[in-house]
Amino acid sequence: MAVSISTLEVGQEIGSTTVDITRQDLVRYAGASGDLNPIHWNQAFAEGVGLPGVIAHGMFTMGSVVQLVTDWAGDPAAVVDYQTRFTKPVLVEDTTAEPGRPGAVVEVTGVVGAIDAERSTARIDLTVTFNGQKVLVKAQAVVKLP
Amino acid sequence: MTIDPDLQGRSYPAGETYSVGREAIRDFARAVKATHPAHYDVEAAAALGHRDLVAPPTFAIIVAQRADAQLIADPSAGIDFTRVVHADQRFVHHRPILAGDQLVAELHVDQVRAMGGGAMITTRAEISTVDGEPTATTTSSLLVRGEDQ
């Protein structure tokens, strides 16, 4: 593994990244996860239930941003506890006619929030924003490190 | 529809077995844009000490949402699926989920709180192998919006 618990400090940034999202990504996530709720792929249905448009699955956002942590830790199995609250929807524009242009861009930054030397774990606090607003709150991943 | 106030404390026994396949792990990893080789390549997973492909940290949602579906489909619970919003989610992994695992989930309704005209329902899925080895505990809060919300 790339990271050792002994070298970490609380407040240390582990990195940051962006996740580009298209409507096609949401269809792929719907299929892979089994969550076929039409608010994630059908504009008319989303508007019909009072949303401004198609929104990403909260679980898509949660699942994609944690890659920052797994890649940093060096092993996806290092994540022993991962939680978040979903506060704001990520609205994904229909850019189907413009290949390569994302329908939404989510930004993520990870900081070491706590270290438990006895259990050899570190809590990584993720800040996840879309259009400058936090979409996940208390997004925390606990990783077990050597 | 109104939420049954006696829902809290209810449990649903393990339903069908979920068989974790390599292609399901690869498909789910691609779907969450995870690129770590341990999700795709058995040798890369083995190099990290895993007997087979490692599922991404949120993969257990597939098993958890199947368990939740039992509750949502239960007419006596009184939940209108079209009014459900996912409010929070937690995964505690007792050990990583790997390709080849045969998983079952027992669902518990831990809390039901009235919220305006609707309710916040917290469910917990205890996921284990068919042999009884604890694998993951997932907790979800679902906000069921009231008729006027």
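Which residue of β6(B) is the bridge partner of Val85(B)? The bridge partner is Leu143(B). The model is predicted: local features need pLDDT of at least 70, side-chain atom pairs count only at pLDDT 80 or more, and totals for chains, interfaces and linings use all residues. Residues are numbered from 1 along each chain as its sequence is written, while chains are lettered from A and ligands numbered from 1 in the order in which they are written.

Chain B has three helices and six strands. Helices (H or I, at least four residues) and strands (E, at least two) are DSSP runs, numbered from the N terminus. Along the sequence, the pattern of chain B reads β-β-α-α-α-β-β-β-β. Its C-alpha atoms fill a box of roughly 55 × 30 × 20 Å, taken along the principal axes. Of the 149 residues in chain B, 40% count as buried. A residue is buried if 20 or more other C-beta atoms lie within 10 Å of its own, exposed if 12 or fewer, and partly exposed in between, with C-beta atoms placed from the backbone. Contacts are residue pairs whose C-beta atoms, placed from the backbone, lie within 7 Å. In chain B, 72% of the contacts with a separation of 6 or more join residues 24 or more positions apart.

UniProt lists "domain: FAS1-like dehydratase" (unreviewed entry) for residues 9–137 of chain B. Over that range the chain is 22% helix and 34% strand, and the end C-alpha atoms are 17 Å apart. For chain A, the UniProt annotation "domain: MaoC-like" (unreviewed entry) covers residues 10–96. Here the chain is 37% helix and 20% strand, with the end C-alpha atoms 42 Å apart. UniProt positions are given in the numbering used here, feature names are shortened, and annotations may be inferred rather than shown by experiment.

The contact between the chains takes 29 residues from chain A and 28 residues from chain B. On the side of chain A that touches chain B, two or more residues come from each of α1, α3, α4 (67–73) and β2 (79–86). β2(A) gives the largest share, eight residues. By class, this side of chain A has 14 nonpolar, nine polar and six charged residues. Ala, Val, Leu, Ile, Met, Phe, Trp, Tyr, Cys and Pro count as nonpolar, Asp, Glu, Lys and Arg as charged, and the others, Gly among them, as polar.

Strand pairing also links the chains. β2(A) and β3(B) (residues 84–93) pair in the antiparallel sense over five bridges. Two strands pair if DSSP finds at least two bridges between them. Arg85(A) stands opposite Asp88(B), and Thr84(A) has Gln89(B) as its bridge partner. β3(B) is also joined to β6(B) (residues 134–144) by nine bridges, and these two strands run antiparallel.

In α1(A) (residues 23–33), the buried residues are Arg23(A), Asp25(A), Leu26(A), Tyr29(A), Ala32(A) and Ser33(A). Their cover includes β1 (13–21) and α3 (58–65) of chain A, together with α1 (22–31) and α3 (61–73) of chain B. Gly34(A) follows α1(A), and its phi is positive, near 85°. In α1(B), Ile25(B), Phe28(B), Ala29(B) and Ala31(B) are buried. These residues lie on the same side of α1(B) because they cover an arc of only 160° around the axis, taken from the directions from the helix axis to the C-beta atoms. They pack against α1 of chain A.

Technical notes. Two residues are in contact if their C-beta atoms, placed from the backbone, lie within 7 Å.
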